[in-house]
Amino acid sequence: MRVCLASTSPARLMLLRQAGIEPVTRSPQVDEEAVVAAVEATEGRMLPPDEHVLLLARRKAADVVATLAQLEPDFDGIVIGGDSMFAFGGEVLGKPLEPAVATARWEDMRGGTGILHSGHSVYRVAPGQDAREAHAVAQAAVTFADDVTAAEIAAYVASGEPLHVAGAFTVDSLGGAFITRVEGDPSTVVGMSLSTLRRLVRELGVEWTDLWNRELVS
């Protein structure tokens with residue numbers, strides 16, 4: 001059973017590898033801002049985070065499924081798409097990109113709790129059959145330590161890690177020491193909820209263990 005990750009996210013790739021899955025990766029050709037803007041214009045409202053991430057996860061997976069149909073018509077397996085957003089204090093926080101923005105976010109977030117929203121889209125693709133999809137959104141609450149010092153924030157921002165990740169933090173690398181609690185599937189905060197993926201894969205008639213194709217080194 002082949003697995004294609006419709007993403008070039010290093011975090012999502014690492015997560016699947018740690019779960020025993022070595023996927024092929026394809027970059028979806030989706031203009032995320034344009035997709036969201038078009039839907040919001042049509043519906044006359046702003047999409048809340050859960051709808052936002054699910055919309056993009058589904059579009060990304062669908063784009064890669066269409067590409068595989070053209071380039072690899074014999075592909076037999078699973079395609080996984082995902083998207084994540086972090087909301088804190090009623091505001092959606094994307095990638096800060098600038099050190100000053102990351103610093104200000106950490107000054108606001110310490111001692112508080114935010115919600116990571118992760119959209120998942122899984123397709124079962126097989127030659128000569130219509131692709132079938134299952135999708136879902138997972139959420140995890142992330143609480144930050146209230147005693148993070150200005151010096152720690154400065155050092156973390158200087159590392160560069162928080163600049164290019166949603167919410168300006170990671171749970172599985174340097175930022176993990178500043179997080180005191182995660183409520184929900186911890187892998188959600190990394191980029192995808194493995195327990196959610198397992199459920200969606202099973203809905204499509206595939207056992208999660210059938211996707212294991214990577215030899216783990218003890």
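**Salt bridges**

Mentor: Arg199 and Glu203 lie four residues apart in helix 7 (residues 194–203), so about one helical turn separates them. Helices (H or I, at least four residues) and strands (E, at least two) are DSSP runs, numbered from the N terminus. This is a predicted model, in which local features need pLDDT of at least 70, side-chain atom pairs count only at pLDDT 80 or more, and totals for chains, interfaces and linings use all residues. Residues are numbered from 1 along each chain as its sequence is written, and side-chain values use heavy atoms, with hydrogens and water left out.

Trainee: What do the side chains of Arg199 and Glu203 meet in?

Mentor: They meet in a salt bridge, at 3.3 Å from N to O. The term requires a side-chain nitrogen of Lys or Arg within 4 Å of a carboxyl oxygen of Asp or Glu.

Trainee: How many salt bridges does this rule give?

Mentor: The count is twelve.

Trainee: Which residues are linked in a network of them?

Mentor: Arg2, Arg26 and Glu72 are linked in this way. The side chains of Glu72 and Arg2 form a salt bridge of 3.1 Å, N to O. Glu72 belongs to the loop between helix 3 (49–71) and strand 3 (77–88) and Arg2 to strand 1 (residues 2–5), so the pair ties together parts 70 residues apart in sequence.

Trainee: Another topic: how accessible is Arg2?

Mentor: Arg2 has a relative accessible area of 35% and is partly exposed, a class between buried (under 20%) and exposed (over 50%), using a 1.4 Å probe and protein chains only.
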